[in-house]
Amino acid sequence: MLVIYAIGSNGSGQLGIGHKEDVSVPKQVLFDPDTIINQATQVCAGGNHTLLLASGLLYCSGDHSTGACGLLPNQKVLDAHFHQLRLETEESKHQVVSCAATWEASIIVRNDANGRATQVYSFGIGNKGELGQGELLFRSSKAQLIKDFPPEGLEVVNLAASVSHVVAVLSNGNVYGWGSGRKGQLGQPEGIIYAPRKITGLDFKVVRAVCGREFTYLLGEPETGQHFVLGSDKWNVRSSAPQAVPGWKDVGATWGSIFVLQQDGNLLSWGRDDHGQLTPPELPCIAQIAIGSEHALGLTDDGKVLAWGWGEHGNCGPSTTNGDVKGKWNTIASSQYLPPGSKISSIGAGCATSWVCIST
């Protein structure tokens, strides 16, 4: 069984801990009664809502007013708890395979009847095209299928989003994007993109994407480490990128910086660092990363969760200097304090929120 703990920004109940106050000491995430979580696949956070994907089911907590938490359940919702998301009026048996969140919208990929990841849905508010549904549909609590996407025969293998744009990587290595592309983060020509549009001009097959506030970071296979940053060069996020990142294991982006976890546990980073977002000196070997809006988490081989960056809402633990954890890290959780047989299995990070998943 999995138990999840959260800290950080909680003004809309997005931590799902039963109240709406920020916390800097981990508190257990609450679910509707009789909910058993065995494995958390993904934590995705919008501005004021959190999506939790676990064993093909999607749960949500936070601000319901935007529609980004889907249709309200038939029974009364327990305030500031995670509840299973209702995507449409009829129950569907198709599994959700991935999710992403903009500031006020949610985007999910579901398997079709053949078990292939070909159905992309969006819901919430998308005033800059974030729903990918064309110019006329910019608000919906019901999950709306994005029509004619992906192209016939292709699957979505990776989905990423930031404040106001969304990117989908397809099984043939092509990438499509929608939402705000005013800084070139969705390729050329720049502007608001209201439906999925192919990003052109790439000379490698993309396998992974992450999004910052005004940029998109695309990666090829780890063997070659080809990569490309599209969009704004604010904080030198494009101009200070290395030539290539061979041997990458995982990647993430804050709103203004990029992180690449290498196979050897080293964490490369570049971009915005005014709150100490970039990798602190002498960081130990990292097994997993989770990158939030302006902070980062790393899970070490020996089961410690380290946090650094902008921590004003308690998302980097209680000890900060003017709200920052700069040039160092805080340990916000550790497997050594857990009962025998329990361990920290995964971590997550959102908009000034941090998540620790414990397997028991």
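**A tour of strands and cysteines**

Select Cys60 to begin. Its relative accessibility is 0%, so Cys60 counts as buried; the cut-off for buried is under 20%. Keep in mind that this is a predicted model.

Next, select Cys69. Its relative accessible area is 1%, so Cys69 is buried too. How many disulfides does the structure hold? The count is 0.

Now move to a sheet. Select strands S7, S8, S9 and S10. They form an open sheet of 4 strands, in the order S7-S8-S9-S10. The pairing is antiparallel. Strands of a sheet pair through backbone hydrogen bonds, either parallel or antiparallel.

Which strands stand at the edges? Colour residues 96-101 for S7 and 139-145 for S10. Each of these edge strands has a single partner strand, so one side of each is left without a neighbour in the sheet.

Pick out Ser122. Opposite Ser122 you will find Gln144, in S10.

Then go to strand S16, residues 215-219. Its antiparallel pairing with S17 covers 5 bridges. Select Leu219, and look across to His227 in S17, which stands opposite.

Last stop: strand S17, residues 227-231. Is S17 largely enclosed or left open? Of its 5 residues, 4 are buried, so S17 is largely enclosed by the rest of the structure.

Key
Residues are numbered from 1 along each chain as its sequence is written. This is a predicted model: local features need pLDDT of at least 70, side-chain atom pairs count only at pLDDT 80 or more; totals for chains, interfaces and linings use all residues. Side-chain values use heavy atoms; hydrogens and water are left out. Two strands pair if DSSP finds at least two bridges between them. Helices (H or I, at least four residues) and strands (E, at least two) are DSSP runs, numbered from the N terminus. Buried means under 20% relative accessible area, exposed over 50%, partly exposed in between (1.4 Å probe, protein chains only). A disulfide is a pair of cysteine sulfur atoms within 2.5 Å.
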